[in-house]
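Please consult the sequence and the structure alongside the text.

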Amino acid sequence: MADRRETVLITGASSGIGLELARIFAKNFYDLILVARREAELQSLAQNCRIEYGSQVHVFPMDLLVPDASAKLVGQLKDSDLEVDILVNNAGLMDMGRFAEIEVDRHERLLQLNIVVLTSLTRLLLPAMIQRGRGRIMNVASTSSFQPVPSIALYAASKAFVLSLSESLSEELKGTGVTVTALCPGITKTDMYDRAHAEHDSVQYLPQFFLSSVEDVARDGYEACVAGQAVVVPGIPNQVVAGAVGLYPRWLVRGIGGLLGRSSTR
Ligand SMILES: NC(=O)c1ccc[n+]([C@@H]2O[C@H](COP(=O)([O-])OP(=O)(O)OC[C@H]3O[C@@H](n4cnc5c(N)ncnc54)[C@H](OP(=O)(O)O)[C@@H]3O)[C@@H](O)[C@H]2O)c1
């Protein structure tokens, strides 16, 4: 344990899972660095955490898709003399639809945010954690990390990357005092879900027992992160599916995914 309150940097803290993670960390006596584009939402969350939990909260409103965003953010942290004890790479994008019909620009933005920014922030903040002999990184992956998902093909591929990188680093960093956790939520009721629901009728047919609340996802993520657990899948139905994927032959997993995916993009 540090002799001061530890500071958690959360990307995508203006809504959904990131916002709820910020609340839980604040409630558990952490200070916060909040990053996203919507400044008003971040300021309101910051004020709430200061008043309710006495946290020190720093707000960095920024678009993580601008060139060199990670380096710029880390430069601003340095200028403000801020150390990051826990990094939560949560900001992410999802596009639903046929791969060939989604604009190239949207594919590139998804890859940039879900993969490149997550990787570069991790790379830039990790050495100081290793030097201090303590630190936590939590990367928000998905249950789609475990299997191909036609209709969100690129999103699922990006989340497979996040899971793979997180697990590799979690082993590579053994003995350094730094742990890496992949948080793999299933479908969770957030703005991302609401957007998919509004744009694609098929989303309404998803069995409701698969739908998680942000509170449950954030609580499971927080607990796994502070415990240094490598992978966490919130919710029993999601754990059953994620576990089952490894038990069946790949052609069967691909086939079932294809059936569901094609029906949802019809
Ligand atoms: N909801 C689900 O079903 C589900 C399931 C599995 C995994 N996840 C993952 O959970 C994470 C959080 O998503 P969510 O469901 O909570 O959705 P959300 O409410 O839409 O949150 C996305 C967050 O990312 C931020 N963001 C998006 N583009 C950004 C940019 N260019 N620069 C900076 N920040 C940006 C948004 O903030 P601004 O708009 O203010 O920039 C927002 O705070 C994502 O990685 C997502 O893939 C979600």
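Which residue stands opposite Val-231 in E7? Ala-182 stands opposite Val-231. The structure is a predicted model, in which local features need pLDDT of at least 70 and side-chain atom pairs count only at pLDDT 80 or more, while totals for chains, interfaces and linings use all residues. Residues are numbered from 1 along each chain as its sequence is written. Helices (H or I, at least four residues) and strands (E, at least two) are DSSP runs, numbered from the N terminus.

**Sheet architecture**

- Seven strands form an open sheet with parallel pairing, in the order E3-E2-E1-E4-E5-E6-E7; two strands pair if DSSP finds at least two bridges between them.
- The edges of the sheet are E3 and strand E7 (231-232), each of which pairs on one side only.
- Strand E6 (residues 178-183) pairs with E7 in the parallel sense through two bridges.

- Strand E1 (residues 7-11) is mostly covered, since five of its five residues are buried (20 or more other C-beta atoms lie within 10 Å of the residue's own; exposed means 12 or fewer, and partly exposed lies in between, with C-beta atoms placed from the backbone).
- Thr-7, Leu-9 and Thr-11 point one way from E1, Val-8 and Ile-10 point the other way, and all are buried.
- E1 runs parallel to strand E2 (residues 31-36), to which five bridges join it, and Thr-7 stands opposite Asp-31 in E2.
- The chain passes from E1 through helix H1 (residues 16-27) to E2 in a right-handed β-α-β crossover (with the strands pointing away from the viewer, the path from the first strand over the helix to the second runs clockwise).
- E1 also pairs with strand E4 (residues 86-89) in the parallel sense over three bridges, where Leu-87 of E4 is the bridge partner of Leu-9.

**Strands E2 and E3**

- Five bridges connect E2 with strand E3 (residues 57-61) in the parallel sense, and His-58 in E3 is the bridge partner of Ile-33.

- E5 is largely enclosed by the rest of the structure, because six of its six residues are buried.
- Both faces of E5 are covered: Gly-135, Ile-137 and Asn-139 on one side, and Arg-136, Met-138 and Val-140 on the other, are all buried.
- E4 and E5 run parallel and are joined by four bridges; Ile-137 in E5 is the bridge partner of Leu-87.
- Six bridges join E5 to E6, and these strands run parallel; the bridge partner of Gly-135 in E6 is Val-178.
- E4, H4 and E5 make a right-handed β-α-β unit, and E5, H5 and E6 make a right-handed β-α-β unit as well.

**Helix packing**

- Helix H3 (residues 69-79) packs with helix H4 (residues 104-132) at an angle of about 35°, their axes being 9 Å apart (axes are lines fitted to C-alpha atoms, for helices over the stretch in contact, and angles run from 0 to 180 degrees between N-to-C directions).
- The crossing of H3 and H4 is right-handed (the near helix is turned clockwise from the far one by less than a right angle).
- In this pair, Ala-69, Ser-70, Ala-71 and Val-74 of H3 meet Val-117, Ser-120, Leu-121, Leu-124 and Leu-125 of H4 (contact requires C-beta atoms, placed from the backbone, within 7 Å).
- The contact of H3 with H4 comprises seven nonpolar, two polar and no charged residues (Ala, Val, Leu, Ile, Met, Phe, Trp, Tyr, Cys and Pro count as nonpolar, Asp, Glu, Lys and Arg as charged, and the others, Gly among them, as polar).
- Helix H5 (residues 153-172) lies across strand E5 (135-140), E6 and E7, and runs at about 155° to E6.

**Local backbone geometry and exposed positions**

- Most residues other than glycine have a negative phi.
- Phe-29, in the loop between H1 and E2, has a positive phi near 70°; Phe-29 is exposed, with 11 other C-beta atoms within 10 Å.
- Asp-68, in the loop between E3 and H3, has a positive phi near 60°; Asp-68 counts as exposed, with 10 C-beta neighbours inside 10 Å.
- Pro-127 is located in helix H4 and is exposed, with 11 other C-beta atoms within 10 Å.
- The C-alpha atoms of Pro-127 and Ile-236 are separated by 36 Å, and the two residues are 109 residues apart along the chain.

Methods:
Contact = placed C-beta atoms within 7 Å.
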